[in-house]
Amino acid sequence: MQRAWWSRLGWMAAGLGLSLGGAWLIAQRGLDAQRAAFETDARIVHRLLSQQVVQHDAVLATLALLEPERGDALPRLSAIYPRLLQVRERAPASAWGDEALARAEAASRASGRAAMAEGDLAQGRYTLVRGSGDSAYALVIALAGLVPDADWPMDRARSPVQVALQWNGQTHTVQPGRPLTHGWRFDFDKVVAAESQPFHAVATRWVGWGELPWLPMGAWVLAVAAGLAALRHALRLREARQRAEALLRLGQLGRLNAMGEFAAGLAHELNQPLTAVLSSTQAAQRLLTDDPPALDTAREAMGRAAAQARRAAEVLGRLRRGLEPPAGAAGGRARLDLAACVREALHLLEPEIQHRGVTVRWLASEALAVQADPVAIDQIVHNLITNALQALDRQPQGTRELRLAVQREGDQAVLTVADTGPGLPPEVLPRLFEPFFSTREGGLGLGLTLSESLANAQGGRLSADNAPGGGARFLLHLPLDPA
């Protein structure tokens, strides 16, 4: 049960890890795509703004060149460039009425290019001044119409990108965008390509949770769930097939061993009466020898009976000798971890344990190595656990518990298999390991007999009693590996 719980937990952890990892990568790719689109729009905006503000320098330079005609040119500039709210001129030998314009003209003459007067970006306007000869010119420019909507790369009303022009601590919002208090933020900040108008073109993009690629992310999670479910199903089918094959092999070995025990018991049971038949016929033969009537016929009949009896005894003797291992043979022994053998048997019987609602509880589990035949130990452990599960069938649900322990006792390893079933009646205990004795209806009574024989063959012993808290308890003693 605990193994199955850890298995489910492992599958859940794997699914969660793969789902979150893949979803994060998909979300990251979506964010990267949105960032790339934002940066492309921001660069276009910067280029357009740079192109427009550079035109203001060209207008002022043109005014400086048009000495005789500039009086006619001034009114027409506003018609050509609607963003030019006003075109002002300082005539020679006159002065600006605004101190800010005078400072901007001085800066323009010092740098040799136009200079910005103190503008009001919050109101969407600023003034650009250029000194030329004895005169000076000023353009009052509206920021709202700096770039026509037809040339703007985004929908000003619905685009989530906020665009602003910043200068000298002042800000003019060109596009409001959609500011958020959570999510991911992309920023772009670059000075426009006009030294006379050093505006910072600032763009900001917020990506909210609702803009993540939820559809591909959900599809990935479903694909992971489906893939893991298919993989787990395939693994469970393979595990079930392997478990069934192992149980089949174990059952076949059990049946063969049971047949051996059966034949040995049958030979033992029949040898004595056959011997008596032989003795009786031989005695009858001797008695009939003294009787004159039909002596030859009686002698011949008794001779045939004696011959058949000897033949039956010889056949049964050969059967028994064929089932017994050669003297001194140790079998295919190997170094075994006794607790590992028990866990393997529990794994094979896991469907039975879950179906019966039995709780497996380890009282002790030491790593003890024994020298034994792996097949024999598997057979013993399988029989003991199966008997315990069958005994628990008579108990109500919720009280069925299989208790296991592997401990050291001197130079021996002891496996304890106990259950919380009805226990063993006192009259049953002395006959528990007799051949063909069973307390279960339909049982052959050979499983425990076989297990005891196998345990003895490994140099150990198998015993049974009632556990202190109730239920049956079987103890398998095996010699520890000398190494």
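A residue is called buried when its relative accessible area is under 20%, exposed when that area is over 50%, and partly exposed in between (1.4 Å probe, protein chains only). Helices (H or I, at least four residues) and strands (E, at least two) are DSSP runs, numbered from the N terminus.

This is a predicted model, where local features need pLDDT of at least 70 and side-chain atom pairs count only at pLDDT 80 or more, while totals for chains, interfaces and linings use all residues. Residues are numbered from 1 along each chain as its sequence is written, and side-chain values use heavy atoms, leaving out hydrogens and water.

Let's start with helix 9, which covers residues 447-457. Its buried residues are Leu448, Thr449, Leu450, Ser451, Leu454 and Ala455. After helix 9 comes Gly459, with a positive phi near 80°.

Now for the charged side chains. A salt bridge is a side-chain nitrogen of Lys or Arg within 4 Å of a carboxyl oxygen of Asp or Glu. By this rule there are 14 salt bridges, including these:

| Salt bridge | Closest N and O atoms |
|---|---|
| Arg109 and Glu105 | 3.0 Å |
| Arg185 and Asp187 | 2.9 Å |
| Glu211 and Arg205 | 3.0 Å |

Arg109 and Glu105 both sit in helix 3 (residues 99-111), four residues apart, or about one turn of the helix. An α-helix has 3.6 residues a turn, so residues three or four places apart point the same way. Arg109 is partly exposed at 38%, whereas Glu105 is buried at 8%. Together with Arg90, Glu105 and Arg109 form a network of salt bridges.

In the other pairs, Asp187 is partly exposed at 48%. Glu211 is partly exposed at 26%, while Arg205 is buried at 8%.
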